[in-house]
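Look at the structure first, then read the sections in order.

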Amino acid sequence: MDTIFELRDSLDTATFYGVNNQNILCLKNQHPDVRVIARGYQIKVSGAEEAVNRFEKNLRKVEAFCIQHIVLTENHILQLLHGEHPQEFAQDNLILHGVNGKPILARSVNQQALVNAYDDNDLLFAIGPAGSGKTYTAIALAVRALKNREVKRIILSRPAVEAGEKLGFLPGDLKEKIDPYLQPLYDALSDMLPTAKLNDFIERGTIQIAPLAFMRGRTLADAVVILDEAQNTTTAQLKMFLTRLGINGKMIVTGDLTQIDLPATQKSGLKDAIEKLHNIRGIAIVEFNQKDIVRHPLVKHIVDAYAS
């Protein structure tokens, strides 16, 4: 029998098929008694009725997992087909519900480790490659704390260090010059808070987004404070930032030590802080890796290529 199965519209087909179609090939290889032709949202399956039905059952299981977690690997497929729940999703990985009820999830082992460490530590370092969800998970934790009234403010900051383009040459006033550096933070927040609510929080100062230089002299109490791209801070800058922590405050510092844009003569403040603070109680360091990358599947291969 020949059957055409329609995939759900909410499925990200790039994630579902995988790089070079490795995921669908894995699914095919686990069903050698059927012939599979996949294109876009349609999958044509040929074979005996029992074999086709078995393929459909497993297809829907893998499809549902991919839609829920927005990630899919060959290991996930093999575990699902063997009746197991993939290890990194064995525990409840929901952080909060975002805009339109969208579930904001910890999608990897180390994202979940950051969530777990948040409860027991007031200062967290999340270190790892681009696309591993460090900043996104940190902002999700901050928004959850604000919604639960555990804190009164969220403060998000980045060092304004150029990666090839000088601030002085960018058009506009100071805010307009700085906003491009802070856009990834706005993007994450817009997934978690409706536009009107987010704008209201920003106008009232409940959510503050500012460059690192604006932190000097402040005491950041009753707040979750996130410093993104911390690999581009100097030792003095990061020390200044960390000592802003106030009563009922939490800090999350994120960065990628392979993407330092400081002059070669300057040591990254993030690297220095990890060396100095790793044994202090109340401080947690979570190291992300290529397995945590949740952007387009090609990003993992790009990171691997540059690492080698």
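## Helices H3 and H4

The model is a predicted one. In it, helix H3 (residues 49–69) packs with helix H4 (residues 74–81) at an angle of about 130°, and their axes are 10 Å apart. An angle over 145 degrees would count as roughly antiparallel, and 65 to 115 as roughly perpendicular; H3 and H4 are therefore oblique to each other. The crossing of H3 and H4 is right-handed.

Which residues of H3 and H4 meet? From H3 come Asn58, Lys61, Val62 and Phe65, and from H4 come His76, Ile77, Leu80 and Leu81. Sorted by class, this contact of H3 with H4 has five nonpolar, two polar and one charged residues.

## Helices H5 and H6

A second pair is made by helix H5 (residues 109–120) and helix H6 (residues 134–147), whose axes come within 10 Å and cross at roughly 35°. H5 and H6 also cross in the right-handed sense.

On the H5 side, the residues in contact are Gln111, Leu114, Val115, Tyr118 and Asp119; they meet Lys134, Thr137, Ala138, Leu141, Arg144 and Ala145 of H6. The contact of H5 with H6 contains six nonpolar, two polar and three charged residues.

## The three-stranded sheet

Three strands form an open sheet with antiparallel pairing, and their order is S1-S3-S2. Strand S1 (2–6) and strand S2 (34–39) stand at the edges with a single partner strand each, so one side of each has no neighbour in the sheet. Ignoring direction, neighbouring strands of this sheet are turned by 20° against each other on average.

S1 and strand S3 (residues 42–47) run antiparallel and are joined by five bridges. Within this part of the sheet, aspartate 2 stands opposite serine 46 in S3. Helix H3 packs on the sheet and touches S1, S2 and S3. The direction of H3 makes about 10° with that of S1.

## Strands S7 and S8

In which sense do strand S7 and S8 pair, parallel or antiparallel? Strand S7 (residues 153–158) pairs with S8 in the parallel sense, over five bridges. Leucine 156 has isoleucine 209 in S8 as its bridge partner.

Strand S8 (residues 207–211) is mostly covered, since four of its five residues are buried. Buried here means under 20% relative accessible area.

Methods. Residues are numbered from 1 along each chain as its sequence is written. This is a predicted model: local features need pLDDT of at least 70, side-chain atom pairs count only at pLDDT 80 or more; totals for chains, interfaces and linings use all residues. Side-chain values use heavy atoms; hydrogens and water are left out. Axes are lines fitted to C-alpha atoms, for helices over the stretch in contact, and angles run from 0 to 180 degrees between N-to-C directions. Helices (H or I, at least four residues) and strands (E, at least two) are DSSP runs, numbered from the N terminus. A crossing is left-handed if the near helix is turned anticlockwise from the far one by less than a right angle, and right-handed if clockwise. Contact means heavy atoms within 4.5 Å. Ala, Val, Leu, Ile, Met, Phe, Trp, Tyr, Cys and Pro count as nonpolar, Asp, Glu, Lys and Arg as charged, and the others, Gly among them, as polar. Angles under 35 degrees count as roughly parallel, over 145 as roughly antiparallel, 65 to 115 as roughly perpendicular and the rest as oblique. Buried means under 20% relative accessible area, exposed over 50%, partly exposed in between (1.4 Å probe, protein chains only). Two strands pair if DSSP finds at least two bridges between them.
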